[in-house]
Amino acid sequence: MTTQHISLDIAYAFVIKQTSFTDQRGQFSRLFCQKTLAPFLAKREVKQVNFSRTTTEGTVRGLHYQRSPEAEMKFIRCIRGAVWDVIVDLRPDSPTFLQWHAEELSQQNDTMIVIPEGCAHGFQALAADSELIYFHTAFYSEAAEAGVHVQDPDLAINWPLPVNNLSERDAALPTVEKWLKGSTE
């Protein structure tokens, strides 16, 4: 199995492409390898592994992140179906502040996305019953939970399908303009 790292336009965000082993019996993939991911982890550790299943195509989840001091780096991989995965840079001191990047993650493409601390994450299911596995470098903290609205016109994210099935929580997330006012008060 080989691994390729690709830097994204968003500072400290990466795509990791891995090959899996396939034969007449099926497929074998390495989902997480501390040695391979050491350059990204640096002194961080994976503290939590989460799983999500999205049952309906077009459903959007996000855009979520955790504020400091509970900020987390995320490694995300699709293990079933396909999603359009989005990173939004919410780090005010970053040269890519308020820029976004999207990457298709699927069961077939063996791609993992690395989302740095201070960046929001969301995705749209491109297939029914899409499943993601997340590796987090911090424990979940409800008090640190934050995000911005997926349909914020200032972000102008080009979702590939009509946005639907937002949770009440995600529908209530602020626009970037309101988020900025809240983060400076």
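Trainee: Which exposed residues does the face of helix 1 turned away from its buried side carry?

Mentor: In this predicted model, that face carries Lys35 and Pro39. To be called exposed, a residue needs a relative accessible area over 50%.

Trainee: Which residues of helix 1 are buried, and what puts them on the same side?

Mentor: Within helix 1, which spans residues 34-41, the buried residues are Leu37, Phe40 and Leu41. They cover an arc of only 85 degrees around the axis, and therefore they lie on the same side of helix 1.

Trainee: What do the buried residues of helix 1 pack against?

Mentor: They pack against four strands: strand 1 (3-7), strand 2 (14-18), strand 7 (74-80) and strand 10 (111-115). Just after the helix, Ala42 adopts a positive phi of about 50 degrees.

Trainee: What is the strand order in the open sheet of five strands, and why are strand 9 and strand 13 said to stand at the edges?

Mentor: The order is 9-8-11-6-13, and the pairing is antiparallel. Strand 9 (100-106) and strand 13 (145-147) each have a single partner strand, so one side of each lacks a neighbour in the sheet. From one strand to the next, the twist averages 30 degrees.

Trainee: How many bridges join strand 6 to strand 11, and what makes them a pair?

Mentor: Strand 6 (residues 60-66) and strand 11 (residues 119-125) run antiparallel and are joined by four bridges. Pairing requires at least two bridges, so the four bridges between these strands meet the criterion. Arg61, for instance, has Phe123 in strand 11 as its bridge partner.

Trainee: Why is the pair of Trp84 and Trp100 given its particular class of ring geometry?

Mentor: The ring centres are 5.9 Å apart, against a limit of 6.5 Å, so the two rings count as a pair. Their planes stand at 65 degrees, and an angle over 60 counts as edge-to-face, so the pair receives that name. The pair links distant parts of the chain, with Trp84 in strand 8 (residues 82-89) and Trp100 in strand 9, 16 residues apart.

Trainee: How is Trp84 classed, buried or exposed, and how is Trp100 classed?

Mentor: Trp84 has a relative accessible area of 16%, which falls under 20%, so Trp84 is buried. The value for Trp100 is 27%, which lies between 20% and 50%, so Trp100 is partly exposed.

Trainee: Which residues do ring pairs link into a cluster?

Mentor: The cluster consists of Tyr65, Phe97 and Trp179. The count of aromatic pairs comes to six.

Methods: Residues are numbered from 1 along each chain as its sequence is written. This is a predicted model: local features need pLDDT of at least 70, side-chain atom pairs count only at pLDDT 80 or more; totals for chains, interfaces and linings use all residues. Side-chain values use heavy atoms; hydrogens and water are left out. Buried means under 20% relative accessible area, exposed over 50%, partly exposed in between (1.4 Å probe, protein chains only). Helices (H or I, at least four residues) and strands (E, at least two) are DSSP runs, numbered from the N terminus. The arc is that of the directions from the helix axis to the C-beta atoms. Contact means heavy atoms within 4.5 Å. Axes are lines fitted to C-alpha atoms, for helices over the stretch in contact, and angles run from 0 to 180 degrees between N-to-C directions. Rings of Phe, Tyr and Trp (its six-membered ring) pair if their centres lie within 6.5 Å; planes under 30 degrees apart count as stacked, over 60 as edge-to-face and the rest as tilted.
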